[in-house]
Amino acid sequence: MAYITIPVKTTYLEITEDKIVPFEFKNKASIERWIPENVDEYLSLYKQVGDDWGWTGRILMPQDELKKWLFSENCVLYILRVDNDHAGFIEFDLSQENKAEIVYFGLLDQFIGRQLGLPFLSQSTEMMFTKLQIENVWLHTCEYDHPSAIRIYQKLGFYITKETIDEEPYDDDFLKAFKEKYS
């Protein structure tokens, strides 16, 4: 892989507990706390979910640093299961006082479009509020995320707080494929 750093439009969104729109699963699905056995298990699911969206953050992170992060008290992971299969995951960063950041959220390709994303996001975000008594949950997304991402977040109740241009590393092959698929 050849990584290049490029300017990327990044959109920041947040939500407070009173703004969450509840969504229920229409399919047999469950959300479980996930503590991966090791870094390789985490990276396997991370790549399965994130490769189509150019996720690089955890791949480029030194493995000893990633291990320390994954097993810290500030990292909370939930996994979505459908009929005992992994369908996706969400990663929260609790290192900011009274806030939770959604660092990664996504579904495996075969589960996209099956009305799982909104309930998964809604219910896992609600868990952050009820279990931790935090003030808000926030996230950022960029122009290389799913074209419906911002609309999905807003449907749940997230609102845009700012937009920036950030320098981000991406695989050159990913950028070409993304532009072909979504241009």
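**Contacts, strands and helices in a predicted model**

Me: Which residues does Trp 53 touch, not counting residues up to four places away in sequence?
Reply: This is a predicted model. Trp 53 lies in the loop between H1 and H2. Leaving out residues up to four places away in sequence, Trp 53 touches Ile 112, Tyr 144, Asp 145, His 146, Pro 147, Tyr 170, Phe 174, Phe 178 and Tyr 182.

Me: Is Trp 53 buried or exposed, and at what relative accessible area?
Reply: Buried means under 20% relative accessible area. Trp 53 falls in that class, because its relative accessible area is 11%.

Me: What distance separates the C-alpha atoms of Trp 53 and His 146?
Reply: His 146 is among the residues that Trp 53 touches. Along the chain the two are 93 residues apart. Their C-alpha atoms are separated by 7.1 Å.

Me: How far apart are the end C-alpha atoms of helix H1?
Reply: H1 covers residues 39–50, so 12 residues. At 1.5 Å a residue, the helix should span 16 Å. The model agrees: the end C-alpha atoms are 16 Å apart.

Me: Which residue caps the N-terminal end of H1?
Reply: The cap uses a side-chain oxygen. That oxygen lies 3.1 Å from the backbone nitrogen of Asp 40. The capping residue is Asn 38.

Me: How many of the nine residues of E4 are buried?
Reply: E4 pairs with E3 in the antiparallel sense over eight bridges. E4 also pairs antiparallel with E5, over six bridges. The rest of the structure largely encloses E4, because its buried residues number seven.

Me: Which residue of E4 stands opposite Leu 80, and which residue of E5 stands opposite Ile 90?
Reply: Both pairs belong to antiparallel pairings, E3 with E4 and E4 with E5. Leu 80 faces Gly 88 in E4. Ile 90 faces Phe 105.

Me: What is the phi of Asn 84, and is the residue buried or exposed?
Reply: Asn 84 is in the loop between E3 and E4. Its phi is positive, about 70 degrees, although Asn 84 is not a glycine. Exposed means over 50% relative accessible area. At 70% relative accessibility, Asn 84 therefore counts as exposed.

Me: What phi does Asn 98 have in the turn of the E4 and E5 hairpin?
Reply: Five residues lie between E4 and E5 in this hairpin. Asn 98 is partly exposed, with a relative accessible area of 32%. Asn 98 is not a glycine, yet its phi is positive, about 65 degrees.

Me: Which residue is the bridge partner of Thr 11 in E6?
Reply: Strand E1 (residues 3–15) and E6 run antiparallel, joined by six bridges. E6 is largely enclosed by the rest of the structure, because five of its seven residues are buried. The partner of Thr 11 is Thr 141.

Me: Which side chain makes a polar contact of 2.6 Å with that of Thr 141?
Reply: Thr 141 is buried, with a relative accessible area of 4%. Beyond four places in sequence, its contacts include Lys 9, Ala 149 and Tyr 153. The polar contact of 2.6 Å is with Asp 145.

Me: Which exposed residues sit on the face of H5 turned away from its buried side?
Reply: The buried residues of H5 are Ala 149, Tyr 153 and Leu 156. They line one face, because they fall within an arc of 60 degrees seen down the axis. That buried set packs against E1, E5, H4 and E6. The face turned away carries Arg 151 and Lys 155.

How values were computed: Residues numbered from 1 in each chain as written. Predicted model: local features only at pLDDT ≥ 70, side-chain atom pairs only at ≥ 80, totals over all residues. Heavy atoms only, no water. Helix = DSSP H or I, 4+ residues; strand = E, 2+ residues; numbered from the N terminus. Expected span 1.5 Å × (residues − 1). Polar contact = N/O pair within 3.5 Å; in protein donor to acceptor, adjacent residues only side chain to side chain. Buried < 20%, exposed > 50% of the residue type's maximum accessible area, 1.4 Å probe, protein only. Contact = heavy atoms within 4.5 Å. Pairing = 2+ DSSP bridges. Arc of directions from axis to C-beta.
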